[in-house]
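Welcome! Please take a look at the model below, and then we will walk through its surface, its helices and its pocket.

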Amino acid sequence: MASFSDPGPDGGTQPGQQQARELWQDAKDGARSMLDEQKHSAASGIGDLAAAIRTSAKDLGGRNQATVARFAQSAADSLEQISGALQRRDLDGLVREAESYARRKPMVFFGAAVLAGFCAMRFIKSTSQSQR
């Protein structure tokens, strides 16, 4: 009796196995496409946030808040760098970079993940309450 992974009589894979591989590949391609769209959307949103912070920094500089304005300008610069990196890199490169950073600085990575989760939950809660 042949198992699912045994080659067929002609040495190839069985039809069910080939179909399963094709379905798996289609699912992976669809997920990759969706993640790529989300990556571009996130990069655009981060870029927009950087522009808004930069505008606020200019306004603060005009109101004699030079220290806060410099801090905001620095934050805007960092956000623009992140936005550019998201736009330039592919998903595999971003995953490799995140893994590498997590290995070098696990506590910082864990803290950032917790903070991101907390912010995401606050955003989801505020969005659901505003839709009521």
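The accessible surface of the protein comes to about 10400 Å², and carbon and sulfur atoms hold 60% of that area. Such areas come from the Shrake-Rupley method with a 1.4 Å probe. This is a predicted model, in which local features need pLDDT of at least 70 and side-chain atom pairs count only at pLDDT 80 or more, while totals for chains, interfaces and linings use all residues. Residues are numbered from 1 along each chain as its sequence is written, and side-chain values use heavy atoms, leaving out hydrogens and water.

**Overall build**

- Starting at the N terminus, the order of elements is α-α-α-α.

**The largest pocket**

- A pocket is an open set of points on a 1 Å grid where a 1.4 Å probe fits, with protein on both sides within 12 Å along at least five of seven lines.
- The largest pocket has a volume of about 460 Å³, meaning the space filled by probe spheres set on its points.
- Its lining residues (an atom within 4 Å of a point) include Leu-94, Tyr-101, Arg-104 and Phe-109.
- Helix H3 (91–104) and helix H4 (106–130) each supply at least two lining residues, and H3 gives the most, with seven.

Note on methods. Helices (H or I, at least four residues) and strands (E, at least two) are DSSP runs, numbered from the N terminus.
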